[in-house]
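Visitor: I have a model open and want to learn how to read it. Where do I begin?

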Amino acid sequence: MAGRGRAPRWVVGLLLVGLAGLAGLAGPVGCGGGSTGTDTASADVQRLLDRRAAAVREGVGDDDGGGEKAFVATAPPGSVAAGERAEARTEFRNLRAVPLTDWSYRVTAFRRSGDRATADAELRYRLDGYDRAPVVAARALSLTRAEGRWYVTGDRPAADTGPQLWEQGAVVAVRGEHSLVLGVGQSRGTLRGYADLADHAVPAVREAWGGQWPGRVVVLVPASLEGMAKLLGAPASGYRGIAAVTTGEAGGSGKAPADRIIVNPDAYGVLGSFGRQVVLTHETTHVATRAATSAATPLWLSEGYADWVGYRGTGRTPAQVAPELTRAVVDGRAPAALPADGDFGFDGDAGKLARAYESGWLACRMIAERWGEARLGEFYGVVGAHGKRAGAVAAGLREVLDMSPEEFTELWREYVRDRLG
C-alpha cells in the first residue's frame, strides 16, 4: 500500500518539534560552573533572543535587508566568528519565504561557565492564516560573551527532536485558495501542483464531512524521504512506501496549531495524477476530522473514513480500490474481523498494510451505502466522543446503527465477500 498513512498524535515534524508536553512547561533557570551574576546573564540572553525574534518578525518577507542584518548581529562579531555569522545568515534566508505572523523565544534553563553558556528555550511561532495557536519547538542554544555582550553561536533542535524545515534548506512557499505549501529542494511549479491538488481536496472533504473546521491545509514537502523522516523524528525505513502522513493532536482543540500534511516526495512521485489526488484528499480528511478523532477512534475507522472520502465520487469499484483484499478473498483468506490498530503499522509488510486500509474503507463504504453518508459521519463522531477505546465502537453501533459489534462484523464480512468474491 503505497501512499497513505497518518500519525494519530503530534509527532516531531516541521513547526511541530517537541510540541507534546511542552506547552506551559518551564524548566528552572539555574547556574553552572559556580559563576556569579547568572540571573543577570540569563536576563541578558533573553533580551538577546528578543532582538533575534524581532529581526525575524520584521525581516522575513522583507527585501530591504534590515531584518537579515539584525538577525546576523545576534551572532558573534569579528573574523574568528565568520562561520557563526554565515550560519545565521543562511538560516535567516532559508526561512525568509515562510509566512509568519509570530516568532518568539522563551529561555527555560540557563547554564553559564565564564564567557560561555548554554540555554534551553522554547521557540513559538505561527503560520499566517493557518495556525490557531503558536507552535512550540524546543531549542538548544550555545552562547558566548564578548565585550560585555552575549551572542548566539549555535541554535539547534533540542535532544530527541527533529529539525525545522528551513534547517534542511531554503523554503519555497506557494499559496493556494485553500492551502499553503512549503517545500525544500522543490521547484515552484512542483509545489504549485501540490497546492492545486490540496485546493481540490478541501471542498471535496467539506462536502463529505461538513463539520466545523477551518477548510485550510498546510502541506510540507521536504526534498526526500530522508528529509521527511527527519521532520517526523523517525527512521526513513518506516515510511519508504508511504506517500504522506498527517500530524496533529487527537481531539484537536482551539489551543492546538493546525495539522500538517507531510509528503514523502519519493513515494508520492511514483503515483499517477489520480493516486496523488486520493492521497491529498485522504490526508485532508484527517485534518478536517481531527477534532472528532480521539483515543477512542480505532484506526480502521479513521483511516477507512479518510479513504472513503478520498475515493468518494471517483467511480472506482471495490475490486479496483481493494486489490490486496480481493486477492485474499479469492484465495479463501477473507478476514474474520476488522483490522486492529497494529495492522496499520509501517513495518514493511505492504500487503498486510494495504489489506488493513482496504478493510476499513469497505466498512465505511458499507455504512454509507446501507445507512447513508450522514449516518456514517454521525457514527464517526459518536465513537470519537466516547472518551475511551473500550466500548466506543459498540456504543456508536448501538446508538447510530442499532447493531451489536458481532452483528456489524458479520454484516461486514458478508459485504466483503459479496463485493470482492
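Guide: We will take confidence, then a sheet, then a helix pair.

Guide: This is a predicted model. The chain has a mean pLDDT of 88, and 88% of its residues reach 70 or more.

Visitor: Over which residues is the pLDDT below 50?

Guide: Residues 1-36. That stretch still has 133 contacts in the model beyond near neighbours in sequence.

Visitor: Now the sheet. How do strands pair in general?

Guide: Through backbone hydrogen bonds, either parallel or antiparallel. Here, five strands form an open sheet, and the pairing is mixed. Read the order as β5-β6-β7-β9-β8.

Visitor: Which strands stand at the edges?

Guide: β5 (171-175) and β8 (244-247). Each has a single partner strand, so one side of each lacks a neighbour in the sheet. From one strand to the next, the twist averages 20 degrees.

Visitor: In what sense do β5 and β6 pair?

Guide: Antiparallel, over five bridges. Strand β6 covers residues 179-184.

Visitor: Which residues make the contact?

Guide: From α11, they include Leu362, Met366, Arg370 and Trp371. From α14, Phe408, Trp412, Tyr415 and Arg419 are among them. The contact residues divide into eleven nonpolar, one polar and four charged.

Key:
Residues numbered from 1 in each chain as written. Predicted model: local features only at pLDDT ≥ 70, side-chain atom pairs only at ≥ 80, totals over all residues. Heavy atoms only, no water. Contact = heavy atoms within 4.5 Å. Helix = DSSP H or I, 4+ residues; strand = E, 2+ residues; numbered from the N terminus. Nonpolar A, V, L, I, M, F, W, Y, C, P; charged D, E, K, R; others polar. Pairing = 2+ DSSP bridges. Axes fitted to C-alpha atoms, helices over the stretch in contact; angles between N-to-C directions. pLDDT = per-residue confidence, 0-100.
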